[in-house]
Structure formats: structure tokens, C-alpha cells
Amino acid sequence: MPYVPHTPEDTRAMLGAIGAGSVEELFAEIPLALRPKSFDLPEGLSEMATRQRIEDLAARNSNGMVSFLGAGFYDHYVPSAVDALISRGEFYTAYTPYQPEASQGTLQAIFEYQTAVARLMGMECANASVYDGGTALYEAMMMAVRQTKRVKVIVSETVSPIYRILLDTYTRNLKLTLVTVPQAKGATDFAAMQAALDDATACVVVQNPNFFGCVEDASALFAAAKAKGALAIVSAYPVLQSVLKTPSAMGADIAVAEGQSLGLPLSFGGPYLGIMTSTKPLVRQMPGRIVGRTQDGQGRTGYVLTLQAREQHIRRQKATSNICSNQALCALRSLIHLSLLGEEGLARTARVSMENARYAAKKLTAIKGVELLNGAPFGNEFAITLPRSAQDVCLTLIEKGFVPGFPLGRYYQGMDNALLVCCTEKNSRRDIDILAAWMEDAI
Amino acid sequence: MSTLFKKSSPGREGVWPQAPSQDLGELLPEGLLRGAPAGMPSLSELDVVRHFSLLSRKNFGVDSNFYPLGSCTMKYNPKFCEDIAGLPGFARLHPLLPQLPRGDELTQGALEVMYETERWLCEILGMSEFTLHPMAGAHGELTGVLTIAAYHADKGNKKTKIICPDSAHGTNPASAAIAGYEVVSIASKDGIVDPDALAEVLDDEVAAMMMTCPNTLGLFEKNLPKIVEMLRSVDALLYYDGANLNAIMGKMRVGDAGFDVVHVNLHKTFGTPHGGGGPGSGPVGVCEKLVPYLPVSRVVKDPSGRFHLRYDYPKSIGYVAPFYGNFGVVLKAYAYMLRLGREGLIKVSENAVLAANYLRKTLDDVLEVPYDRVCMHEFVASADKQSQKGVRALDIAKALLDKGYHAPTIYFPLIVKECLMFEPTETESKETMDQFVADLRDILALAESDPAAVQAAPVTTPVGRLDETRAARNMEITDDM
């Protein structure tokens with residue numbers, strides 16, 4: 001059979017050494033009563049037949065649509081060298097680097113990843129990553145709860161609804177109060193958030209750019225939070241972070257992000273990359289793995305997993321989190337991607353995406369009845385209002401091979417006519433012109 | 001080897017996209033912009049390729065080294081599964097497409113992969129339904145425990161405690177605590193769960209017990225039927241940690257055996273790579289009575305054979321992942337299952353158990369095996385005897401690195417002194433194991449004759465033993481400090 005190397009002679013010799021007459025004998029401890037009632041599965045296929053089957057399934061997804069769908073998950077160009085390097089078996093067939101002498105490749109890469117994402121956010125510390133941006137946001141919130149020993153969390157409704165539903169699930173059995181401050185026409189209502197601050201507040205949570213694409217400055221809110229002894233948390237977009245004011249410059253204590261936009265395929269929702277960074281005083285509240293630099297007995301530089309006393313394999317039920325793994329391979333992807341683009345390449349990606357978004361906003365708002373939801377500055381994504389249901393317009397355009405964006409009514413009451421449109425460097429002006437033409441027709 | 005950041009040369013061109021045409025100041029007001037550069041490295045493409053190629057050579061992986069790391073199932077990761085996950089029809093699929101009007105129609109292939117993978121897992125484990133959303137094993141545990149909590153809350157049960165055996169993975173008690181439960185640990189007897197110890201702590205406040213079977217010593221839990229009966233008497237549920245599923249496919253289904261909730265580590269049993277520490281995938285299966293509490297969304301098949309995502313499950317615990325879990329990992333596992341089929345999966349477990357027993361028998365004369373009886377897919381040895389002479393399990397592990405092997409798991413489970421946990425998996429040949437044991441014998445002989453030489457290992461790796469105290473004290477966790 002595939003992937004099992006034993007010849008019949010090998011099996012006989014191994015059974016002989018064990019002193020067993022058959023392989024079945026080795027399972028004798030499993031009583032008959034516990035044997036499977038059924039194991040009704042198809043027979044195996046050749047590699048070629050398996051591949052054909054799955055290629056057929058791939059062909060049943062919508063391929064080749066022109067897409068303006070983002071909403072936190074972005075289709076940026078990935079240089080070929082990323083896939084070439086990530087395909088090295090020494091990286092992807094390795095385990096967690098618990099034996100540091102045999103894992104310096106993974107460990108140094110994670111150390112460099114921690115450096116890169118901390119710099120991007122302007123923060124001092126980073127961990128080796130968690131599952132995704134939503135988990136990162138939840139863990140950030142729990143860091144604040146532990147650090148302040150307070151139980152109230154104030155979240156803006158402009159934080160991704162996809163993340164806020166995760167926070168709901170995870171906090172349901174905990175004694176926490178989650179206060180959601182309504183958005184104001186797609187903008188974060190900083191005044192209302194500030195008004196909600198009190199002495200029980202553990203943290204305030206905002207997203208920049210917010211879910212509607214607006215670029216905002218939370219500095220004043222964060223200063224007010226600090227004055228109340230609460231922490232400030234930002235959920236960021238790493239590509240745009242190359243040009244936007246940093247969470248740290250706004251006074252954030254913890255900055256997290258979904259790292260998918262840094263070289264990871266969209267892959268129908270995962271695996272993604274939860275980036276977590278913080279100020280230095282908070283590092284001991286950080287969940288998950290952290291790599292530190294040190295030396296061996298001969299003074300040679302090396303890297304190890306450090307501060308492990310926070311983690312579940314040491315602390316068990318008293319750990320900062322139950323998280324055991326990190327997204328090591330995804331973190332490595334993002335690091336390779338960042339290295340290939342460099343400072344200039346990343347900023348260009350951000351700026352070209354933003355320029356395309358401005359062009360799209362101009363073309364779309366030139367259509368009668370289409371307006372920007374608000375006049376706030378935006379990044380590479382913006383919300384527009386249409387004269388009719390965004391769902392209906394979306395449906396018409398999908399039939400033309402265009403995904404025009406994300407209808408906001410799904411998550412925001414009274415926004416049935418609002419559409420969130422995203423551009424990256426991959427959306428050509430020609431595609432935008434066609435989008436605008438079809439949309440004009442559809443309206 | 002210096003870091004990327006030290007190799008950077010400002011102005012050096014990497015893989016840059018086209019230049020922008022407007023000044024940044026025309027795009028956004030000054031006050032919203034970054035004050036100073038981020039400090040990303042500036043490198044040529046070759047600089048980057050060479051840096052990471054060299055780094056990769058400082059790693060042991062299954063592709064290059066035997067990796068008998070107990071509890072982790074470091075089997076061979078088939079290359080074609082990697083290829084399949086990269087098919088553009090899946091890799092470029094936006095996760096929000098199904099939320100668009102008639103979006104299910106745009107993603108039929110992906111939804112079918114999810115639906116079919118759930119059916120395979122249900123049949124392999126004997127469960128009623130599965131969710132693929134949990135993004136790792138520990139995440140599956142948390143999802144499972146939240147499901148248990150929802151069940152008890154719905155029934156009006158007042159439950160506050162979860163029982164974990166002392167041999168459990170550390171994630172078990174941590175997941176239970178994160179979900180808001182008090183954790184009660186019970187001592188094992190003769191390496192397995194002791195029903196008497198369970199009886200002492202079992203009361204109406206127990207929500208569930210978390211177990212793995214075979215357990216972390218590689219032993220089958222013989223008292224399982226008794227344990228199931230005891231838990232049912234107080235309406236406590238039984239959770240199965242699927243970390244050790246590689247031992248029992250086709251030999252026992254945990255659902256048939258009375259487990260109510262299970263998580264599976266696709267990155268162990270179903271051949272997806274560990275990636276240097278992730279990503280994993282930890283689907284959760286439940287018995288009939290827990291189905292209403294599974295996370296949303298759920299994938300269903302209509303009578304015409306079309307697939308849809310459904311969100312309307314009022315008793316659901318809600319969302320545990322932004323979308324549908326680590327789909328890319330699920331896809332690889334699905335390919336692996338299709339390739340192996342029914343017979344192949346049974347043979348996986350048969351050969352995993354065969355290999356573990358062979359390895360156990362060929363080394364048990366030189367290394368003490370505390371529970372030296374037929375094991376399942378892994379077993380635990382002890383270097384307690386060697387440690388009397390100063391050579392600890394850690395030293396033996398490091399000496400194995402010098403011979404080109406990844407070390408076994410050491411100091412886990414916590415209940416065996418100086419333990420080394422071996423799991424050869426079904427994909428390693430007899431020759432590889434024979435050579436491994438020969439090399440291990442050399443190390444153990446050296447431990448007798450020259451303990452200092454073993455204590456000095458490793459010497460052939462890029463670095464020797466590293467100063468972990470210094471790392472924790474200096475806390476140098478980025479290149480800037």
C-alpha cells in the first residue's frame with residue numbers, strides 16, 4: 001500500500017521479533033464489544049485518480065471571476081519565490097521546534113517574523129502567531145482582562161463582524177461584559193466609546209482601517225482609556241500598515257492583525273495567520289509560542305522557545321491560553337513575502353491598491369444614485385450606497401462574472417443598499433471600467 | 001548566521017510591484033500616515049532565496065530525518081496532497097463568496113470537499129456529525145468543551161468540573177479551564193485510568209471527562225466500558241482527544257465505544273504536514289444528542305445533490321472560526337483519505353502499531369520500558385537507570401540528534417520518570433528502525449563508558465545546547481532589542 005514500506009518478509013520478521021503470530025494479535029486488548037459496528041468507506045484510488053477527482057471538484061468552484069471582494073481578506077500578488085521556498089521539506093515537514101539544536105531554521109525564521117511584524121505595528125514584542133486575526137483579537141482582549149483584572153470590554157461595531165461573532169462565542173461562559181458601540185455611518189463613534197469608559201473597563205478595541213475601509217486615528221480615545229487604566233487594542237491590516245500611522249503611535253498597548261494579506265492564499269478561509277504584538281510590559285500575558293535569542297556553550301548565537309512557563313504544556317489549566325500550536329508555516333510565508341517585497345515593495349502594494357480604490361470610487365460614484373457612505377478618508381476599500389438592494393445588484397453582476405464587493409446588509413441593520421468595494425494592485429483600471437459599466441446597467 | 005535585517009541594504013530592489021503614480025499625501029491626510037519607515041529589509045530576490053535555503057538546512061524534517069516523536073505522529077506527508085492544496089480553483093477561493101446572494105453556487109466544489117470529509121470522519125470515528133471549523137487540536141478541544149457546556153446548559157444541568165487523567169496532554173486541562181470549568185486531575189494506575197480514582201471524584205457537578213485512547217503511554221484503556229457507564233450515571237459526557245487516532249482506525253470507533261465528543265488532529269493521523277509548528281486542523285465530531293450545539297455554519301446536501309451552508313441552528317455554540325476552519329489543511333487530508341481508502345486506513349493503524357511494538361521489543365533490553373506489554377502506536381521508555389549515572393533522557397535525546405535522528409518526546413507524559421516516548425509511525429521502514437536502534441545502543445553504551453561525552457551532545461548540529469535561562473532573562477525576542 002502507498003506510504004507503508006514493509007514487504008511481507010519485513011512484516012514476518014517484525015512479528016517474529018515481537019513474538020506475535022499476526023498483526024491482529026496486537027489489537028487483542030480491544031474487546032469484541034468495542035470493535036467497529038461499521039467501517040463503510042470507499043476503496044483507495046491511485047494518485048492520478050485522486051488528483052483527477054479533486055481537480056474536478058476545483059473546477060466546480062467559480063474560477064476566473066473578476067473580484068472586488070475584500071472585507072478583511074485580500075487577494076494580493078504573491079511572488080513565485082514564496083511558494084518555491086515554502087515548499088522545502090525541511091521547513092514544512094518539521095515539528096514544533098522543541099529540540100532547538102535541530103530546529104534553528106524554524107526558530108530563526110520565527111524570530112525574524114516576530115521582528116518584522118513588531119516593526120510593522122511599531123510595537124516592541126510579538127509572539128510566534130496564533131490561528132487567525134479573529135483569535136488574535138480574542139487573545140488580545142483576554143490579555144487585557146488578565147493584566148487589568150477588569151471584566152468590561154468595549155468594542156466598536158466597526159470592528160469586523162466576522163471577528164465580533166467569535167468574541168461572542170468565546171466569552172459566553174466567562175464572566176465578561178462585552179459592550180458593542182454602534183458605528184456611525186460606517187465611522188467609529190469615538191465619542192460614544194469614550195463615554196462608555198469606566199473604572200471597570202479592561203480595554204477598548206478598534207480596527208484600522210475599520211470594516212468599512214475608513215482610515216481613522218484612535219489616539220484621543222486611547223489617551224482617555226489610559227487615563228482610566230484601560231488598555232487599547234487595534235486590529236490592523238498589515239499591507240496598509242506600511243503607510244498608515246502605527247498602532248503604537250496612536251498609543252495602543254496591543255496590536256493584532258490577520259496576516260493573510262502577506263503572501264497567503266485566500267484558500268476558502270484558512271489556514272491564515274493571527275499576528276499578535278504588544279508593548280514590552282505585556283509580554284508575559286502573551287499567549288502562545290515566543291522565540292528568543294540566546295547563546296550556546298561556545299558563545300554561538302542561537303534561538304529557542306522562551307517564556308514557556310506561560311504555556312499549557314507547563315502550566316496546564318493555569319496557562320495564559322490553551323493554544324498549543326502556532327501558524328509557523330504561515331508565519332514563514334509572510335516573512336518570505338515581506339522580505340521579497342521589502343520596505344519599498346510593501347509600500348508600493350499599499351499605495352497602488354489605494355490608488356485603484358480611488359479610481360474605482362470615482363468611477364462608481366459617477367453613476368447616478370451611487371454615493372460614498374461617508375466622506376471619511378479610506379484605504380483600499382470603501383463603502384457605497386446604491387439606489388437599490390446591494391444583494392440584487394451583486395447577483396446581477398455575479399452573472400456577468402464580476403463580484404462587485406460585499407453587501408453590508410448581512411451584518412449591519414439598515415444597510416441593505418450598502419456595498420463594500422475593495423481594490424488591490426491586481427484590479428486593473430480596465431476591470432474597474434467594466435465593473436462601473438455593468439453596475440450602471442444593473443442599477 | 002545573521003538575520004535578514006542585518007543583511008538588508010537600503011535601496012536594493014526586491015520583487016517590487018509597479019510604482020504608484022500619486023504622492024502618498026494626495027491619498028491620505030498627513031496625520032493618518034506612518035511617521036517613519038517600518039524597517040522591513042531591502043534584499044534582492046537571490047538574497048532572500050539564499051537566506052531561507054540556508055535556514056532550511058538547519059532544520060530536521062520528516063523528509064530528511066527519522067522523527068520518532070511520540071504523541072506527534074510524524075509520518076510521511078505525501079507530496080501530491082501539497083500540490084492539490086495549491087490548485088488555483090481552491091487556493092484563490094474567497095471565503096466570503098458563500099455569503100453573497102446564491103453564493104453557494106460559486107463554491108460547490110469546496111462545499112463538497114467539506115461535506116465529504118465530514119462523512120469520512122463520521123464513519124471512521126463512529127460519530128453522528130462533524131464540524132471542520134477548529135483550526136488545531138487544542139482549538140478542537142475548546143470547541144468540544146463549549147459544546148459540552150451548551151448541552152448541559154440546555155438541559156438545565158449545573159455542572160462545574162471536568163476530569164482529566166494525570167497522563168493527559170496539557171491542552172486538555174487548559175482547554176477546560178479556558179471554557180470556564182474547574183479541572184480535576186485523577187491519578188492513573190498501572191498506566192491507565194483507574195475507575196476507583198474516578199469514583200472518588202465523580203459527582204453530579206462533573207460535566208465531562210477528557211481521555212485519549214490509547215493513552216499517552218500508548219496503552220489501551222481497558223476499563224473504558226466501565227468508565228462510560230460511571231460517567232453516564234451522572235449525565236457526564238466523555239471527550240476523546242484524537243491525538244492518538246493513528247492507532248485504532250478500523251479497529252475501534254470511539255463513537256461505538258461510548259465517547260460523546262471527539263477531536264481529530266488532521267496533521268497527525270491524516271498526513272498533513274506539521275509545518276514547523278502549524279497550521280494544524282482539529283475537526284470535532286459529536287454523538288446524536290450533541291448535534292444541535294455544533295458551531296455554525298454547517299454544510300448540508302440537498303436532495304438534488306447541491307451543497308449549501310446553513311446558519312440557522314438556535315442551540316449552536318456560535319462561531320469558533322472566521323469561516324470554515326483551515327480549509328487548505330482539510331483539503332490535503334481529504335486527498336489522503338481518498339488515496340488510501342478503507343483498506344489503506346486500516347493498514348495505517350495496523351502498521352503503526354506493528355512498528356511501535358517492533359521498536360519497543362528491539363530496544364527494551366537496553367532501555368527500561370515501564371509498561372512492557374503490547375503497546376499501540378507508541379510507547380514510553382525510561383532512562384531512570386541511566387540517570388543514576390548522570391545521563392538523563394535529555395542527554396540521550398541530544399545524542400540522537402548527533403546521529404541524525406530527531407529526538408523522541410521527552411519528559412511527557414509526566415507520570416514516568418526520565419521518560420522517552422517513541423512513535424515510529426507506519427511510514428518508516430524496518431531498516432530505518434534497525435539502524436536507529438543500533439545507534440541508540442551505541443549511545444547507551446557510551447553513557448556507561450563515557451557519560452560526559454553523551455552529556456556534551458549535540459556537537460554536529462549548527463549550535464550546541466542553548467542557554468534557555470539567558471533567553472528568558474534577556475528576553476531578546478526581536479532583532480531590535
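A salt bridge here is a side-chain nitrogen of Lys or Arg within 4 Å of a carboxyl oxygen of Asp or Glu. The views below come from a predicted model, in which local features need pLDDT of at least 70 and side-chain atom pairs count only at pLDDT 80 or more, while totals for chains, interfaces and linings use all residues. Residues are numbered from 1 along each chain as its sequence is written, chains are lettered from A and ligands numbered from 1 in the order in which they are written, and side-chain values use heavy atoms, with hydrogens and water left out.

**View 1. Where chain A meets chain B.** Eight salt bridges are found across the interface of chain A and chain B. In one of them, the side chains of A:Arg60 and B:Glu112 come together at 2.4 Å, N to O. The contact (heavy atoms within 4.5 Å) draws 179 residues from chain A and 203 residues from chain B. The two chains bury about 16,800 Å² between them, with 63% of it on carbon and sulfur atoms; buried area is the accessible area (1.4 Å probe) that two parts lose on being put together, summed over both. On the chain A side, A:Tyr3, A:Phe39 and A:Phe268 lose the most area to chain B, together 6% of what that side buries.

View 2. Is B:Thr107 buried or exposed? B:Thr107 is buried, at a relative accessible area of 0%, where buried means under 20%, exposed over 50% and partly exposed in between (1.4 Å probe, protein chains only). Apart from neighbours within four places in sequence, B:Thr107 touches A:Asn61 and A:Phe268 in chain A, along with B:Leu93, B:Leu97 and B:Pro98 in chain B.

**View 3. Salt bridges within chain A.** The whole structure holds 42 salt bridges over all chains. One of them joins A:Lys426 to A:Asp75, at 2.9 Å from N to O. This pair links distant parts of the chain, 351 residues apart: A:Lys426 is in the loop between strand S15 (418-422) and helix H15 (429-442), and A:Asp75 is in the loop between strand S1 (66-67) and helix H3 (80-86). Both partners are partly exposed, A:Lys426 at 37% and A:Asp75 at 34%. A:Asp217 and A:Lys245 form another salt bridge, with their closest N and O atoms 2.9 Å apart. A:Asp217 is partly exposed at 29% relative accessibility, whereas A:Lys245 counts as buried at 17%.

View 4. A:Arg348 pairs with A:Glu344, the closest N and O atoms being 2.8 Å apart. The two residues both lie in helix H13 (residues 328-365), four residues apart, about one turn of the helix. A:Arg348 is buried at 16%, while A:Glu344 is partly exposed at 35%.

**View 5. The four-stranded sheet of chain A.** The strands of this open sheet follow the order S11-S12-S15-S14, with antiparallel pairing; two strands pair if DSSP finds at least two bridges between them. Strand S11 (371-372) and strand S14 (406-407) stand at the edges with a single partner strand each, so one side of each has no neighbour in the sheet. Five bridges connect strand S12 (residues 381-385) with S15(A), and A:Leu420 in S15(A) is the bridge partner of A:Ala383. H13(A) lies across S11, S12 and S15, running at about 10 degrees to S12(A); axes are lines fitted to C-alpha atoms, for helices over the stretch in contact, and angles run from 0 to 180 degrees between N-to-C directions.

**View 6. The seven-stranded sheet of chain B.** This open sheet has the order S1-S9-S8-S7-S6-S2-S3, and its pairing is mixed. The twist averages 25 degrees from one strand to the next. Strand S8 (residues 261-264) and strand S9 (residues 284-286) run antiparallel and are joined by three bridges, with B:Val261 facing its bridge partner B:Val286 in S9(B). Helix H7 (residues 137-155) lies across strand S2 (161-165), S6, S7, S8 and S9, at about 170 degrees to S7(B).
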